Amino acid sequence: MANKTVKVGLVQLSCSADVAENLEKTIAGVRKAAAQGAQVVVLQELFRSLYFCDVEDYENFKLAEAIPGPSTDTFGALAKELGVVIVASLFEKRAEGLYHNTTAVLDADGSYLGKYRKMHIPDDPGYFEKFYFTPGDLGYKVFNTRFGNIGVLICWDQWYPEAARITALKGADFLVYPTAIGWHKDQDGLTNDEQYGAWQTIQRSHAVANGIPVVSVNRCGIEGDMKFWGGSFVSNPFGRVIFKASHEEEQIHVEELDFASSDRYRTHWPFLRDRRIDSYQPITKRFLDEE
């Protein structure tokens, strides 16, 4: 991998209540990214529908599907046609009454490589995900694709350095985060800036700590009381933002990642070398109040 570069496409879109329309719009976004030279295309979280987790409504379970299933068939065929890897976030129905927030990876030959189930599930105003999603049970995943080893995490996973570290230690060349996050539409600007800054900073810190690029793809547009803040971005292995999308507009962007830079940063800033793995056992406890 020393001299390898990969072109990654970010597909930042708004969504509507029309599932078929969202699918066609996303397919068009993948085609546009591929036409711009993308080899890997990363889609935003739950792109097939509005972000339904803003309410607790049993009707929304009807949006779920099997994985592999109809969407992976569609995107597998598209991946094969275009010769690109597609990272697709979907609402998985695993069994009757059992659902996950899941991302599937389709390789450039159209083959289904597997899935990652979101490990960290939020339950906050406007983000009632625990009503819908069972926490992931597949562990942290890295997918060996034609264009590199992709470490896949999802949205709320962004806030957990443990998730990024483990995924990096499994050999990821870069991390991707399909995301759906935004501001309340009546929230003040200072709070908006602070929240977006924290969101971007924590992910840039994962790049620094692990010496690999981070690609984060968020949706945009207003849905109910939520204004999704877009702002999809790419960080180099030392946390420098090399691309940032609009907060307001849909955007398809292709950014080249240079894996050789990871070796350079890891060599000059050898955080992995100096890890004291013998001292980290306390991290497996919820809180250290009984020591």
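The model is predicted, so local features need pLDDT of at least 70, side-chain atom pairs count only at pLDDT 80 or more, and totals for chains, interfaces and linings use all residues. Residues are numbered from 1 along each chain as its sequence is written, and side-chain values use heavy atoms, with hydrogens and water left out.

Me: Why is H1 called roughly parallel to H2?

Reply: Helix H1 (residues 19-35) and helix H2 (residues 70-82) pack at about 20°, with axes 11 Å apart. Angles under 35 degrees count as roughly parallel, over 145 as roughly antiparallel, 65 to 115 as roughly perpendicular and the rest as oblique. That makes H1 roughly parallel to H2. The axes are lines fitted to C-alpha atoms, for helices over the stretch in contact, and angles run from 0 to 180 degrees between N-to-C directions.

Me: And what makes H3 and H4 oblique?

Reply: Helix H3 (residues 161-169) and helix H4 (residues 189-210) pack at about 40°, with their axes 10 Å apart. H3 and H4 are therefore oblique to each other.

Me: Which residues of H3 and H4 meet?

Reply: Contact means heavy atoms within 4.5 Å. On the H3 side you get Pro161, Ala164, Arg165 and Ala168, and on the H4 side His206, Ala209 and Asn210. They divide into 4 nonpolar, 2 polar and 1 charged. Here Ala, Val, Leu, Ile, Met, Phe, Trp, Tyr, Cys and Pro count as nonpolar, Asp, Glu, Lys and Arg as charged, and the others, Gly among them, as polar.

Me: How do you know that S3 pairs with S4?

Reply: Two strands pair if DSSP finds at least two bridges between them. Strand S3 (residues 85-95) and strand S4 (residues 98-106) are joined by 9 bridges and run antiparallel; one of the partners is Thr102 in S4, for Leu90. Strands (E, at least two residues) and helices (H or I, at least four) are DSSP runs, numbered from the N terminus.

Me: Why do S5 and S15 stand at the edges?

Reply: The open sheet has 6 strands in the order S5-S4-S3-S2-S1-S15, with mixed pairing. S5 (112-117) and S15 (251-258) each have a single partner strand, so one side of each is left without a neighbour in the sheet. S5 is joined to S4 by 5 bridges, antiparallel, with Val105 opposite Gly114.
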